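Work through the exercises below with the sequence and the model open side by side. Each task is followed by a solution in steps.

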Amino acid sequence: MAQQKGRYFRGIFATLACVGIMSGTVLAEEVKIGTGAAATENIFNKIKDPMEKANGVKLVIISSGPVQALKDLDAGSIDAAVGGLTFPDWMAMMEKEGYAIADKSVYKNRVIGKDIVKVMTNKDVTVTALSKEQLSALFTGKTKNWSEVGGPDKPVVLILGSKIPGTQSVFQKQVLNGELYGTPAVEGTDAADLKARVIATPGSVSLAALAQIDATVNGPAIPEVGRPITLITKGAPSGSLQKMLDYLSGEGQQHIVK
């Protein structure tokens, strides 16, 4: 009889454990963020794992760039869109892309950080600093050889990214004074792809997030080029997204590159 009771209670405990596991799976919180290079590299890649451990919110990062991110937000497939530009500039970018927002009041926006745009070169480019004038000449294609700016006798290879329009737009505005980027240029995609191409391509130069500058590339000192990182929701943030925002403004600050 005692053995039967023991088996009975063990069966109940096992069933409750399974229910708990299943419940945990069902109740797991997930936040989907569509974003560009600045926020991915400087914020979300840094807080993703520690946040999930701290409050159980799983962060799904969709590195689509700000234009596609806002389209996805509009379609309801993500919780928030994040980009390295102001809200008015973002709306202007959408209009330029043929996706004008009829009613901007449905969107709520907040600044969640600041991105410092950096320049990275292949390690064979030994320049340690570049002025605004030198940067402008390099990125507009006027400077063809690194020897013209105190570097080695190597051709300049400009690499641009199709998925970092916010980064390239702010650099064009603040450094190039609105001039067009030089041609021909190697076309990459997102921030990670651009860094891989710079590492592999002699004489190359591209734009980077602050968090990307390390021993694998050369990061010359440049005048500060900065922009806000803006998060947009359609209506009020969901409960899970609000948990992420609370974490980001509190404990998460220790993980963010500044």
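The exercises start with the whole chain and then turn to strands, single residues and spaces. The model is predicted.

**Exercise 1. The chain as a whole**

Task: State how many helices and strands there are in the chain, and what percentage of the residues count as buried.

Solution. 
1. Counting the elements gives eight helices and eight strands.
2. The chain has 258 residues, and 43% of these count as buried.
3. For contacts with a separation of 6 or more, residues 24 or more positions apart account for 77%.

**Exercise 2. The partners of strand β1**

Task: Find which strands are joined to β1 by bridges, and in which direction they run.

Solution. 
1. Strand β1 covers residues 29–35, and seven bridges join it to strand β2, residues 57–63. The two run parallel.
2. A pair to look for here is Lys32, which stands opposite Val60 in β2.
3. Between β1 and β2 the chain passes through helix α2, residues 37–55. This β-α-β crossover is right-handed.
4. Strand β3, residues 80–83, is joined to β1 by three bridges, and these strands also run parallel.
5. On this side, Gly34 stands opposite Ala81 in β3.

**Exercise 3. Ser240**

Task: Is Ser240 buried or exposed? Which residues does Ser240 touch beyond four places in sequence?

Solution. 
1. Ser240 belongs to helix α8, residues 239–249.
2. The relative accessible area of Ser240 is 15%, so Ser240 is buried, the cut-off being under 20%.
3. Not counting residues up to four places away in sequence, Ser240 touches Glu29, Glu30, Val31 and Val57.
4. Glu29, Glu30 and Val31 fall within the residue range of β1, and Val57 within that of β2.
5. As a check on distance, take Leu59: Ser240 and Leu59 are 181 residues apart in sequence, but 9.8 Å apart in space, C-alpha to C-alpha.

**Exercise 4. Helix α5**

Task: List the buried residues of helix α5 and name the elements that they pack against.

Solution. 
1. Helix α5 covers residues 132–139, and its buried residues are Leu135, Ser136, Ala137, Leu138 and Phe139.
2. These buried residues pack against β4 (107–121), β5 (157–161), α6 and β7.
3. Just after α5 comes Gly141, with a positive phi of about 90°.

**Exercise 5. The largest pocket**

Task: What is the volume of the largest pocket, and which helix supplies the largest share of its lining?

Solution. 
1. The largest pocket holds about 520 Å³ of space.
2. Its lining has 22 residues, of which Met93, Pro165, Ser169, Val170 and Gln172 are the closest to its centre.
3. The elements that each supply at least two lining residues are α4 (87–96), α6 and β8 (226–234).
4. Helix α6 supplies the largest share, eight residues.
5. Sorted by class, the lining of the largest pocket has eight nonpolar, nine polar and five charged residues.

Conventions. Residues numbered from 1 in each chain as written. Predicted model: local features only at pLDDT ≥ 70, side-chain atom pairs only at ≥ 80, totals over all residues. Heavy atoms only, no water. Pairing = 2+ DSSP bridges. Helix = DSSP H or I, 4+ residues; strand = E, 2+ residues; numbered from the N terminus. Right-handed = clockwise from strand over helix to strand, strands pointing away. Buried < 20%, exposed > 50% of the residue type's maximum accessible area, 1.4 Å probe, protein only. Contact = heavy atoms within 4.5 Å. 1 Å grid on protein atoms, 1.4 Å probe; cavity = no way out; pocket = protein on both sides within 12 Å on 5 of 7 lines; lining within 4 Å. Points joined across faces, edges and corners; volume = space filled by probe spheres on them. Nonpolar A, V, L, I, M, F, W, Y, C, P; charged D, E, K, R; others polar.
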